[in-house]
Each structure stands twice: as structure tokens, then as C-alpha cells.
Amino acid sequence: MAESPKLFIVCSDRTRCGKTLTARLYGDFLLLTGRNPLVFDTAPPPGGIIDFYPERTVTVDFSRTVGQVALFDTILGSPTRDTIVDLATQHLQHFFDVMTEIDFLAEADRVGLVVCILYITDRTAASLRAARDIKERSGVVHLFTVCNEGAGLLTDRDAMSYAYSGLSPGSELVVPALDPDVIEAVEQPVFSFARVVEGRQGRLSESELLRLLSFLNQVLPAIRQQFFGLDLSDLRRLGFV
Amino acid sequence: MKPTVILVGADKGGVGKTTLARTLLDYLSRKNVMARCYDTEWPRGTLKRFYPATTEVIDMSNVAHQMKLLDTLETASLKVSVVDLKAGNLSMVLDIFDRIGVLEAAKSGKFTLGLFHVVGPAIASLEEIGEIAKYIQGTDYVIAKNFINETNFLEWDEKSHKKYFSNPGAAEIVLPKLNEMAYEQVDLAGVTFRDFIDNKAANGEPGNFSFVLRGYVRKWMSEIDAQLEKLKPVQELVRGERGRAPPQQQAAAAAKA
């Protein structure tokens, strides 16, 4: 049985926290597993995700109805394709308001699309509360928090365990911090993590390559684990498990 | 069932008369209340674009056309008539109805007359409420506030607000704002709001309308439905209770029989 296509909404209540990096990691994971993801860039240029996937990215201005139509209608128009939405922070609330207003989840369910929010948290519990609020308000079942160690860890993680209640437990993706020189390399336009894994990414020193591979060895298996979890949950929903 | 005439009008233009008439017709049709539609935007009507099969375009200043509406109330198979009055026609039509005894007939219960008076935020529009007050006795009068923009209908000024909205005989509903692009798409498609939501083209074939825009229209219609459900006369019409005698009279009549 084919895996259900997935829609990943990568978002946060904070700016500069690693949304685009997270979206790229999922995008490259999809490419590595032979899929053909469609990407939406909702951030104004320059420096958005379009720089990394110029041929598969659609840029939309979500503040305008025409942008909302371009995004949601395109997703529903190609329901067999995986999609990643790199959601700019300024559209966070409006995006989920529109999603609720047009009853997108019911239609996504009808066409067999699994919707998942990837919420990048920061050092404070406020960000976890915002994630929980988005999950409750939107009705999206799958919300995974993403902890980007490069943007900072929760100040007192154990004391904040209460803030995780209501979120998908044990499914947080931890993105290790990258060294500054490696960050510089991976932020070059059209850089691809998938090509690194496939041994096709040039212009990296041996040391950079080793550190990057170590990083990807931590992140990609964790993403694969999340995919298994999503597929399993989808099978349960369909009554196969 | 007693005949019912529902006028939808305003003297000011661009306040959403035809939009309200369309939502009302949609609502009634979903509740299985079929209605005749009259569009008074003679000779070309906007309402007729959306309800071509059931709409007749008439000129309310023309006696023969008045007869088409009023002299057929008893004999028509459909007992509900919705009349979309063109801009500037409201006072004129009420005046004619007054002069030829239509208002009196409604007052005496020969048929039911409802009036949806659509008002926009402009003072010129609000002034109409006072101007037509003399005609509304004996009618089911509803003031429909159309939130065309971010207006608050003078709620910030109690005195002015009271001046326009203190008629105890008037019910009030608010018409929420519909996303402009969604409105334009429905207009362009020339279909009813319900068919747009159901993705059905004017020729009855499956449409190709945007899911997002259909979602906006669906939400907006549900908000208007909630407003119409607040109106007792509309609910009585939907339940088929219009024109029936009150329960005590019915019981007395049954006992007599």
C-alpha cells in the first residue's frame, strides 16, 4: 500500500529560529526517499526557501486572497504529492485562521492528505504554549516540535515538561547546532543536503563534510522515525492496524 | 398557506440589496420554501442572472407589472414572492402600495408583507429608516445592516445610534462582509451562492471553482443563515406556520366544526 502524501507546515511564533533549515531538511529527506515534493515560500524575498529549490517552489503572498488560493488550491489540486509550506512568522495566525475558515482539514482528509505541523520552539515556554494553541485552534492532529539547538535550548527543559502536554509526546525533532563555517556553506543558494548524502555536493572541505554528515546522521533518522509514526497513525485511521 | 410578499430594498444604491435577496432565496430554497422572484431593475435585472428560471424582471412604476405581482398572489402555485427592489425604488413602491391599498390589505391579514430594508453605513442610508417609518406598520420589518466596510453603525455615539435604530417594531440582522475575490468569482460564474459552494456551474455541470473561495462563501453563508434563523417571521415561513390561525382559533374552529 502506498504511503499517504503529506503536507508539512513549518512554522514558529519566532523569527530567525531555523524554519527554512527545518523545511529544507524535510524537503531533502523527501528527495532522498524518491519523492517529488512541492514547496511553498511565503516569505518575501530574498533568502527564502526558493533559493534552495528554485524549480519546485511556488512563492505566494499569503496576506492576499490570491496567494491563499494559489497555496491551498494547488495543494488540493495535486493531492498525491508531498508538500512543504515554509510559513513566514507574520502569517502564522492568519494562515491557521484561513485554514479553519475554509475547512481545509476536512478536504485534506477526504483526498487522503496527512497534515503535519512542524513547530520550531525557542528558549521559552511561551513558544511551547503558542504551539499548543495553534494545535488546538487548527485541529491538526500531528504537531511535532522542533528544537533547533543552533537557535538556543529551552532554559530549563525539565521544569517546562508541563508545557509539552497536549503536544505529540516523544516526537520532538532535535536539530543539532552547526558550526559557523558549515552554516555558511549550507546557506549558499541551491546547496542540497540530499546531494551531500549522495556524495554529489562539491565545494566542501573534508572537515566540513565530516561535520555535516555527523549532523545529518542525527537528523535524518529522526525524520524517518517521524514518517513511520505518521504512516502508522494513518494506517490506524484507515483501520488497517 | 397565506401568500407572502418579501420586499428587499433600499433607496441608496450599492448597499447589498440583491446580495441579500440572493442569500434569502438560497436559504428558503434549502428549507424547501420555493419562491417566485421579481427583479425590478427593469429592463435588465441582476437577480435574473443568478435565478434565470424563476425570476421575472418588472418595472414597479408600470401598472401592468404591478398587477403581475399583486394580482397573482392568490392564484400562483408558489405562495412566496421575493421582490428585489432596485435602488431608489423603496419609498416609491411603499407609497404606491399605500395608495392602492396593499399595505392596508397586509395589515388586515389578507397576505403577509415582509420588508428587508438594507442599510449601509452612510447617513443618507440611515435617514431612510425614518423616511419609511410611516409605511411599516403591519409589515414584518427587518433592518439589515450591511457591513460593507469596517463600519460600526454609529455605535460609538449612543444618541445618533438610538435615533436610527430604536424602532421597537423592527428586527435587526447584520450582513457580514464577504471576501471580495470570492464575491467576484460568484458574480463572474453567475451561479447561486449554494451552487458555488457545491462547485456546480450555471449549466448544472461540475464547476471548477476555487476551494478557498468556496470555503469563504460557505462560512459567510453560515453566518447569514444564523442571522435569518433569528427572525421569527422567516422561521414561521420555513415551518409553514405563516397564514395559519393562532392555535386557540384553530381549536375553536375545530370544536365548531
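Two residues are in contact if their C-beta atoms, placed from the backbone, lie within 7 Å. Keep that in mind for this predicted model, where local features need pLDDT of at least 70, side-chain atom pairs count only at pLDDT 80 or more, and totals for chains, interfaces and linings use all residues. Residues are numbered from 1 along each chain as its sequence is written, while chains are lettered from A and ligands numbered from 1 in the order in which they are written. Helices (H or I, at least four residues) and strands (E, at least two) are DSSP runs, numbered from the N terminus.

**Two helices of chain B**

- B:Met181, B:Ala182, B:Gln185 and B:Val186 in H8(B) meet up with B:Leu213, B:Tyr216 and B:Val217 in H10(B).
- By class, that contact of H8(B) with H10(B) has 6 nonpolar, 1 polar and no charged residues. Here Ala, Val, Leu, Ile, Met, Phe, Trp, Tyr, Cys and Pro count as nonpolar, Asp, Glu, Lys and Arg as charged, and the others, Gly among them, as polar.
- Two packed helices are described by the angle between their axes and the distance between the axes.
- For helix H8 (residues 180-189) of chain B and H10(B), the axes come within 9 Å and cross at roughly 100°. That makes H8(B) roughly perpendicular to H10(B), a label for angles of 65 to 115 degrees (under 35 is roughly parallel, over 145 roughly antiparallel, and the rest oblique).
- Axes, by the way, are lines fitted to C-alpha atoms, for helices over the stretch in contact, and angles run from 0 to 180 degrees between N-to-C directions.

**Where the chains touch**

- On the chain B side, 9 residues are in contact with 11 residues of chain A.
- Helix H10 (residues 211-228) of chain B gives the most to this side of chain B, with 6 residues.
- The residues on that side of chain B split into 5 nonpolar, 3 polar and 1 charged.

**Strand E1 of chain B**

- Strand E1 (residues 4-9) of chain B is mostly covered, with 6 of its 6 residues buried. Buried means 20 or more other C-beta atoms within 10 Å of the residue's own; exposed means 12 or fewer, and partly exposed is in between, with C-beta atoms placed from the backbone.
- In a regular strand the side chains alternate between the two faces of the sheet.
- Both faces of E1(B) are covered: B:Thr4, B:Ile6 and B:Val8 are buried on one side, and B:Val5, B:Leu7 and B:Gly9 on the other.
- E1(B) runs parallel to strand E4 (residues 80-84) of chain B, joined by 5 bridges; B:Leu7 has B:Val83 as its bridge partner in E4(B).
- Two strands pair if DSSP finds at least two bridges between them.

**The nonpolar core**

- The largest nonpolar core has 128 residues, and B:Val8, B:Val82 and B:Val217 touch the most other members. Such a core is a set of buried Ala, Val, Leu, Ile, Met, Phe, Trp, Tyr and Cys residues joined through C-beta atoms within 7 Å.
- H10(B) gives the most to this core, with 8 residues.
- Leaving out residues up to four places away in sequence, B:Val8 touches several residues, including B:Leu20, B:Leu24, B:Val82 and B:Phe116.

**Chain A at a glance**

- Chain A comes to 8 helices and 7 strands, and 41% of its 241 residues count as buried.
- Its 7 strands form an open sheet with parallel pairing, in the order E3-E2-E4-E1-E5-E6-E7. The edge strands are E3 (57-59) and E7 (173-175) of chain A, each pairing on one side only.
- From one strand to the next, the twist averages 20°.
- Strand E6 (residues 142-148) of chain A pairs with E7(A) in the parallel sense over 3 bridges, and A:Val146 stands opposite A:Leu173 in E7(A).
- Helix H5 (residues 125-138) of chain A lies across strand E5 (114-121) and E6 of chain A, running at about 165° to E5(A).

**Position 194 in each chain**

- A:Ala194 lies in helix H7 (residues 193-197) of chain A. A:Ala194 is partly exposed because 19 other C-beta atoms lie within 10 Å.
- B:Arg194 sits in helix H9 (residues 193-197) of chain B. B:Arg194 is partly exposed, with 18 other C-beta atoms within 10 Å.
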